[in-house]
Amino acid sequence: MRRTRFLPALAVLCLLSCNENLIVTPGSEAYGEVMINLKSDEKVEIVSVRSGGVADLPDEGDFWIELVNSSNVKFRREKYSELDGKRIGMNSGEYTLMAKHGDSLGVGFDKPFYMAKQQFTVEPQKLMTVNAVAKLANVKL
């Protein structure tokens with residue numbers, strides 16, 4: 001009888017311990033913090049569209065931010081407006097920041113896709129700022 005009550009608790013404990021937790025407890029030696037600074041490329045403020053109109057570069061707050069570790073595991077995805085000015089606690093190591101706006105598979109002058117990609121290293125017990133510049137990414141000459 002005791003074993004049957006113990007098994008559900010053991011299963012929950014196993015699931016929790018098997019969960020890949022990428023954030024280390026603040027204050028530990030392997031913990032660092034990052035702040036993201038996203039800007040748009042000033043050279044591409046206005047995009048001419050085939051219909052004769054213009055499409056303004058989207059606001060930085062509307063970009064989706066993805067943080068990917070060196071094992072290519074995406075562990076955070078949020079709008080930049082939610083991350084702007086906030087400290088993000090992370091394990092020390094190599095990472096890639098990707099900022100995206102629009103449809104990467106979209107085709108045509110009226111479907112611009114903007115992207116920023118920046119590699120960075122989180123150092124233990126340090127706060128660093130990651131600067132990224134978003135540029136028009138679905139361009140063919």
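**Strand pairing and beyond**

Modeller: Strand S1 (residues 31–40) pairs with S9 in the parallel sense over 8 bridges, where two strands pair if DSSP finds at least two bridges between them, and strands (E, at least two residues) and helices (H or I, at least four) are DSSP runs numbered from the N terminus. This is a predicted model, in which local features need pLDDT of at least 70, side-chain atom pairs count only at pLDDT 80 or more, and totals for chains, interfaces and linings use all residues. Residues are numbered from 1 along each chain as its sequence is written, and side-chain values use heavy atoms, with hydrogens and water left out.

Biologist: Which residue in S9 does Glu33 stand opposite?

Modeller: Glu33 stands opposite Leu127.

Biologist: And in what sense do S8 and S9 pair?

Modeller: S8 and S9 pair in the antiparallel sense, over 2 bridges, and Met115 has Lys135 of S9 as its bridge partner. The two strands form a hairpin with 4 residues between them.

Biologist: What is the phi of Gln125 in that turn?

Modeller: Gln125 has a positive phi of about 55°, and Gln125 is exposed because its relative accessible area is 53%, with exposed meaning over 50%, buried under 20% and partly exposed in between (1.4 Å probe, protein chains only). As background, most residues other than glycine have a negative phi. Asn72 also has a positive phi, of about 65°, although it is not a glycine; Asn72 lies in the loop between strand S4 (64–69) and S5.

Biologist: Switching topic, which residues of the largest nonpolar core touch the most other members?

Modeller: Of its 21 residues, they are Ile36, Leu38, Ile65, Met90, Leu97 and Phe120, a nonpolar core being a set of buried Ala, Val, Leu, Ile, Met, Phe, Trp, Tyr and Cys residues joined through side-chain atoms within 4.5 Å. The largest share of this core, 4 residues, comes from S8.

Biologist: What does Ile65 touch, leaving out residues up to four places away in sequence?

Modeller: With contact meaning heavy atoms within 4.5 Å, the partners of Ile65 beyond that sequence range include Ile36, Leu38, Leu97 and Glu78.

Biologist: Is Glu78 buried or exposed?

Modeller: Glu78 counts as buried, because its relative accessibility is 17%, and this residue is found in strand S5 (residues 74–79). The side chains of Glu78 and Arg76 are joined by a polar contact of 2.6 Å, a polar contact being a pair of N or O atoms within 3.5 Å; within protein, one must be able to donate a hydrogen and the other to accept it, and residues adjacent in sequence count only if both atoms are side-chain atoms.
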